[in-house]
Structure formats: structure tokens, C-alpha cells
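Have the viewer open as you read.

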Amino acid sequence: MLYFENDYCEGAHEAVLKRLIETNMEKLPGYGTDKYCESAKEKIRKACGCPEADVYFLVGGTQTNEVVISSLLKRYEGVLAAATGHISLHEAGAIEYTGHKVLALPHREGKISAGAAAEYLETFYQDESHEHMVFPGMVYISHPTEYGTLYTKKELEELSGLCEKYHLPLFLDGARLGYGLVSPDTDVTLADIARLTSAFYIGGTKVGALCGEAVVFPGKAPAHFLTMIKQQGALLAKGRLLGIQFAALFTDDLYMEIGKNAIETAEILKKALAEKGYRFLLASPTNQIFVILENQRMERLREKAVFSYWEKYDENHTVVRFATSWATKREEVEELISLL
């Protein structure tokens, strides 16, 4: 079978595994207080251009979103997010489980605009009964989005400016950030993200690590943030596992370099699909490709390839997603192309 279901089918990059093996028998303190976690934090601060940033390592994306969002919100607040955002759809109500509502906004290809957020905020505060409602307490975005699309620097600046006006934190989900940063279509850098957000995370699970995400607070983290990570079950006793991985990923620009493979292999696949006359749901500049397949053809393809169902297109067609990764081989792409 060919696997294009997601970008975390494989384990970890060999450089990450090598460092885990090399350090395996060292005796180190727990909960992220070891020298490798400190080294990884310094490397991330340098890459972000934020020497004073607070950096924490968590085990996965859902846990990261849940802990960060719940720690930044007051008990009567909710979080503004695209209706298609990961926290809106694919996290099993994790945010609501903490007592906070996800306030869904209209989107365009997975992105929310400053205009749509401003309209929501203005309408909310114009309502004379807003004291009886869930207050909008922060804005959540994904970059890349769930549709593989990217915010421009201008769009991020507009959202950041709006959040500053309303005194709201802007939180960026970077589960696939490595692929967004190396896309030829982006004008956004890691330093831009650090400058324009209140918090963001650098995804490791989908970009070369066995597991783990690095949360960055360019200013200061909420008080007792480590305690809240522990309280919500997202703190590893063997925190070294995450620190060693991120120290490896942020050595010699490895995180950026391995991300390029996902973009390059996705471009090969997109070009071949276009040449064969396949239709796309949208133009994604990253590693996720959304294709409209005739239902019978989709079922035949399932016999030899694994991919994701995305959404129903019409009675006879379905939107499916092919995802490439840091580890996707060119020969796998060529084999999929021949099947298609």
C-alpha cells in the first residue's frame, strides 16, 4: 500500500533518532529540566529572534491547544476560530471540555480575516445583553491551515493589530509550521510569527519528530504554566525525549531543510494531477493536496493507496486529501501518479 493519509505516518528523522540513541543511557533530571531541553529552548529563541521568549515542550497538538488556550482565557471567555479550525472540528471538544467555547467564524480556504473577526467583535459589544454571553477572549489560527493554505504577512499584521485593539491574545497553531515556512509562496518568517502573535507552537510530530510540540510565548507565559501543563496531563516525566528531539531539529537548520521535501514531492504530485485533468478543491501551496475524485474511482484507488476522506463534493464525487511529508520518497509519488 502507498501511504498518503497524513504527514505523520513515519517515525522520526534519522538525526533525531541518532541523538536519542546517543543520549539514551545518560542520567538526567525529569520534566524538561535537563540540559537538552535548555539547549533546545536557546536554539528556538535564536531561530525566532526572541532571546527572552518562554519555551515549553508538550507531547502533541491537541494537548498543546487545550493547555495554551485554557491558560490564556478567563473562565467566562471563549476562543474565536475558523469553523474549519482544528479546535473546532477534530479535537473531540477538548477546548469545550476545559469549560471554554469555540466561537466559530466564517473562513475562506481555512483562513479567517481581520474583517470577519472585527465584525464579530463589534457585533458582540454592540449587543446590550453581551454580559449574558460568552466573551471573545482570544483569536486562534492555524498556519498552515487545515486546507494547507497560508496567511500572508499582511494578513497576520491585520489580525495582530485587531487583537491589540481589543486586548486579545493571538494564538497560532503551528502543527505543520515547518512546511509553511519553506513554501515558495510564503512571505512569513519565524521571526514574523514571533513578532505578531502572543503565543504559537512549532510542530514536531508532523515535521520530523517522534512526537512533541514546542510552545513559544514571545513575551511571558501565563503564571504557573508548567503546573497547568501537568494538571492537564501533557507533561512528560522524561521531558528529555522532547528536548533532545527539538535540539536536533534546530541544529544546522534541519527543521527547515527536511520540510522542503514535503513541498517538493507535493509539487510533483500536483503537477501530474493537473496534467491528467484532475480537479482540485483549492490551490494549496504546502504539503496537503485536495482532489475531487469520482466515487467509483476513489474506491478503486483505495485498494492500493491510503489517503484521507475530506468532504462530500456532490452525489458522485468526493474530496480526498493526499499529504506528503518530510519522509515521502519520490518513487512513492511516481507510483501514486501511475495509479492515478
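**Two helices side by side**

Start where A114, A117, A118 and L121 of α6 meet E158, L159 and L162 of α7; contact here means heavy atoms within 4.5 Å. Sorted by type, that contact has six nonpolar residues, no polar ones and one charged. Helices are DSSP runs of H or I with at least four residues, strands are runs of E with at least two, and both are numbered from the N terminus.

Before going on: this is a predicted model, where local features need pLDDT of at least 70 and side-chain atom pairs count only at pLDDT 80 or more, while totals for chains, interfaces and linings use all residues. Residues are numbered from 1 along each chain as its sequence is written, and side-chain values use heavy atoms, with hydrogens and water left out.

Back to the pair: α6 (residues 114-126) and α7 (residues 153-165) pack at about 20°, their axes 9 Å apart. That makes them roughly parallel (angles under 35 degrees).

Now for S284, in the loop between β9 (279-280) and β10 (288-294). S284 counts as buried because its relative accessibility is 6% (buried is under 20%, exposed over 50%, partly exposed in between, using a 1.4 Å probe and protein chains only). Its side chain reaches the backbone oxygen of Q288 at 2.8 Å. Setting aside residues up to four places away in sequence, S284 touches Y147, G148 and K270.

R279 sits in strand β9 and, at 40% relative accessibility, counts as partly exposed. R279 and L293 are 14 residues apart in sequence, yet 7.8 Å apart in space, C-alpha to C-alpha.

How values were computed
A polar contact is a pair of N or O atoms within 3.5 Å; within protein, one must be able to donate a hydrogen and the other to accept it, and residues adjacent in sequence count only if both atoms are side-chain atoms. Axes are lines fitted to C-alpha atoms, for helices over the stretch in contact, and angles run from 0 to 180 degrees between N-to-C directions. Angles under 35 degrees count as roughly parallel, over 145 as roughly antiparallel, 65 to 115 as roughly perpendicular and the rest as oblique. Ala, Val, Leu, Ile, Met, Phe, Trp, Tyr, Cys and Pro count as nonpolar, Asp, Glu, Lys and Arg as charged, and the others, Gly among them, as polar.
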